[in-house]
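Here are my notes on this entry, as numbered points. Please read them with the model open.

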Amino acid sequence: MRTDTFLKILTVCAALLPGAALTATPASADSCWTHNGSLMRLKADGNRRWFLYEAPRPVLRDAGVTTGTLLFEGVKRGNWYEGTARVFSRACPGQPQIYAVAGPVRADQLQVTLTGRRNINRQCHPSDRVTTDTLVFTYSHRC
């Protein structure tokens with residue numbers, strides 16, 4: 001269910017149930033998030049953050065991605081994440097390319113968008129081309 005639809009339903013319920021307190025609960029660490037067709041797990045320790053694959057989409061398995069494979073590691077400063085991400089390739093399974101990413105946490109704490117520039121690899125070797133990746137993580141549920 002989309003977040004805005006969910007919030008509308010909560011508003012209607014609040015009108016029907018006077019005295020019921022409704023508060024937005026920020027997405028917590030050790031929660032599940034969706035990313036590009038995969039289910040991810042967010043882990044936290046202080047301001048340190050990790051996104052790991054919980055249920056990778058099938059095409060990633062050919063690139064060596066399994067449950068627990070690290071996609072992002074970094075820190076959260078206010079409503080901002082920065083750190084490193086990985087891109088996986090079936091041409092070089094087990095050898096992800098690591099690159100710097102950074103980006104905002106949405107005000108409702110239910111989405112993180114990270115952007116970074118990286119080389120385009122050809123057969124596990126950097127080419128002279130660069131691309132910009134955008135990784136969007138959307139809160140799903142408590143794991």
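Numbering the bonded cysteines of the protein in sequence order, what is the pairing? It is 1-4, 2-3. Keep in mind throughout that this is a predicted model.

1. **Disulfide count.** The count comes to two disulfides. One joins Cys32 and Cys143. The other joins Cys92 and Cys124. The points below take them in turn.

2. **Cys32 and Cys143.** The sulfur atoms of this pair are 1.8 Å apart. The torsion about the S-S bond is about 125 degrees, so this disulfide is right-handed. The pair links distant parts of the chain, 111 residues apart. Cys32 sits in strand β1, residues 31-35. Cys143 belongs to the segment after β8, which spans 125-142. Cys32 is buried, at 3% relative accessible area. Cys143 is partly exposed, at 38%.

3. **Cys92 and Cys124.** Here the sulfur atoms lie 2.4 Å apart. The cut-off for a disulfide is 2.5 Å, so the pair is counted. The torsion about its S-S bond is about -130 degrees, which makes the disulfide left-handed. Cys92 is in the loop between β5 (80-87) and β6, and Cys124 is in the loop between β7 (111-122) and β8, so the bond ties together parts 32 residues apart in sequence. Cys92 counts as buried, with 8% relative accessibility. Cys124 is partly exposed, with a relative accessible area of 27%.

4. **Nonpolar core.** The largest nonpolar core has 20 residues. Which of them touch the most other members? They are Phe51, Tyr81, Leu114, Leu135 and Phe137. Seven strands, β2 (38-45), β3 (48-55), β4 (70-76), β5, β6, β7 and β8, each supply at least two residues of this core.

5. **Phe137.** This residue is one of those core members with the most contacts to other members. Leaving aside residues up to four places away in sequence, Phe137 touches Trp33, Thr34, His35, Met40, Phe51, Leu71, Leu110, Gln111, Val112 and Leu114.

6. **Gln97.** Gln97 lies in strand β6, residues 97-104. Its side chain reaches the backbone oxygen of Asn119 at 3.0 Å. Beyond four places in sequence, Gln97 touches Ala85, Arg86, Val87, Arg118, Asn119 and Asn121.

7. **Second largest pocket.** Its volume is about 350 Å³. The lining holds 18 residues. Asn36, Arg57, Leu60, Val87 and Phe88 lie nearest the centre. Val87 is also among the contacts of Gln97. α2 (58-61), β5 and β8 each supply at least two lining residues. Which element gives the most to this lining? It is β8, with three residues.

8. **Tyr139.** This residue lies in strand β8. Tyr139 is partly exposed, with a relative accessible area of 25%. The C-alpha atoms of Tyr139 and Thr34 are separated by 6.5 Å, although the two residues are 105 places apart along the chain. A polar atom of the Tyr139 side chain lies 3.2 Å from the backbone nitrogen of Arg142.

Technical notes
Residues numbered from 1 in each chain as written. Predicted model: local features only at pLDDT ≥ 70, side-chain atom pairs only at ≥ 80, totals over all residues. Heavy atoms only, no water. Helix = DSSP H or I, 4+ residues; strand = E, 2+ residues; numbered from the N terminus. Polar contact = N/O pair within 3.5 Å; in protein donor to acceptor, adjacent residues only side chain to side chain. Contact = heavy atoms within 4.5 Å. Buried < 20%, exposed > 50% of the residue type's maximum accessible area, 1.4 Å probe, protein only. Core = buried A, V, L, I, M, F, W, Y, C linked by side-chain atoms within 4.5 Å. 1 Å grid on protein atoms, 1.4 Å probe; cavity = no way out; pocket = protein on both sides within 12 Å on 5 of 7 lines; lining within 4 Å. Points joined across faces, edges and corners; volume = space filled by probe spheres on them.
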